[in-house]
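Subject: Structure handover

Hello,

Here is the structure for your files. My notes on what was found follow below it.

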Amino acid sequence: SLLYICASGTVAWGANPDFTDPITERTWLEDVDGTLSPQQALAKSWTPFSRALTAGLTRSTIWVRLRIDPDLVGSPSFEGDRRLVLNMIPVHVDEIAVFEADRLDEPPIVMGDHYLQGGRKVFYQNTAIFERSRPFEVLLRIRTKASLAVYPTVTRWDEAGDHSWQMREAL
């Protein structure tokens with residue numbers, strides 16, 4: 001289940017050149033008026049993308065659907081540790097609501113650069129942590145007033161680090 005969001009710098013691909021991307025499918029959907037529920041979004045037609053998604057300046061809500069296979073992140077450093085880190089690079093996205101596709105009845109975890117928490121802005125909330133042993137899907141509802149460019153990555157908890165240079169290469 002989705003455990004929590006933590007403030008961090010950027011997290012991306014492991015330093016291992018043999019690293020296999022655990023995100024096996026990336027698709028996106030434009031929600032022009034921003035009114036779709038996660039259930040309604042799932043029923044729509046989605047467009048595939050690779051690694052980075054750029055939508056430029058848009059007033060639309062953008063949905064991102066990720067299929068994640070925990071077996072592709074390799075063996076954890078600690079036996080039985082199945083924690084995965086989903087990170088959105090860059091952190092300059094106003095709000096990202098994270099939904100687990102098989103748990104839509106649970107409230108989303110909200111992250112982003114301008115997420116209001118207790119009436120105050122909380123900056124650089126861009127990391128979600130999951131503990132799963134089987135493939136699963138995550139829906140991200142992205143709203144921003146800035147130019148939209150995101151690079152979702154997933155790593156093992158113990159491999160999380162700052163590899164933001166990889167987004168620059170992907171864009």
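Strands here are DSSP runs of at least two residues, numbered from the N terminus. On that numbering, E137 belongs to strand 12. Please keep in mind that this is a predicted model.

Overall make-up

The protein chain has 171 residues, 48% of them buried, and it contains two helices and 13 strands. Among contacts between residues at least 6 apart in sequence, 77% connect residues at least 24 apart. The accessible surface is about 8,700 Å², with 48% of that area on carbon and sulfur atoms.

In soluble globular proteins, nonpolar side chains tend to be buried together. The largest nonpolar core in this model has 24 residues, and the members that touch the most others are V64, I68, L86, I96, V138, L140 and I142. At least two residues of this core come from each of strand 5 (61-68), strand 6 (83-89), strand 7 (95-100), strand 11 (125-131), strand 12 (136-143) and strand 13 (147-156).

Beyond its neighbours within four places in sequence, V138 is in contact with V64, R65, L66, I68, L86, V98, F99 and F130.

E137 and R65

Is E137 buried or exposed? Its relative accessible area is 18%, and the cut-off for buried is under 20%, so E137 counts as buried. The side chain of E137 makes a polar contact of 3.1 Å with the side chain of R65. With neighbours within four places in sequence set aside, the residues in contact with E137 are R65, L66, R67, F99, E100 and A101.

Aromatic pairs

How many aromatic pairs does a search of the whole structure find? The search gives two. In the pair F130 and F136, the ring centres are 5.3 Å apart and the planes meet at 45°, so this pair is classed as tilted. Both F130 and F136 are buried.

Loops and a strand position

Most residues other than glycine have a negative phi. R51 is not a glycine, yet its phi is positive, at about 55°. R51 is found in the loop between strand 3 (47-48) and strand 4 (53-57). With a relative accessible area of 38%, R51 is partly exposed.

T144 is in the loop between strand 12 and strand 13. Its relative accessibility is 10%, so T144 counts as buried.

T24 is part of strand 2 (residues 23-31). At 46% relative accessibility, T24 is partly exposed. Between T24 and R67 there are 5.6 Å in space, C-alpha to C-alpha, although the two are 43 residues apart in sequence. Leaving aside neighbours within four places in sequence, T24 is in contact with R67, D69 and L72.

Regards

Notes. Residues numbered from 1 in each chain as written. Predicted model: local features only at pLDDT ≥ 70, side-chain atom pairs only at ≥ 80, totals over all residues. Heavy atoms only, no water. Phe/Tyr/Trp six-rings, centres within 6.5 Å; stacked < 30°, edge-to-face > 60°. Buried < 20%, exposed > 50% of the residue type's maximum accessible area, 1.4 Å probe, protein only. Core = buried A, V, L, I, M, F, W, Y, C linked by side-chain atoms within 4.5 Å. Helix = DSSP H or I, 4+ residues; strand = E, 2+ residues; numbered from the N terminus. Contact = heavy atoms within 4.5 Å. Areas by Shrake-Rupley, 256 points an atom, 1.4 Å probe, with all protein chains shown as cover. Polar contact = N/O pair within 3.5 Å; in protein donor to acceptor, adjacent residues only side chain to side chain.
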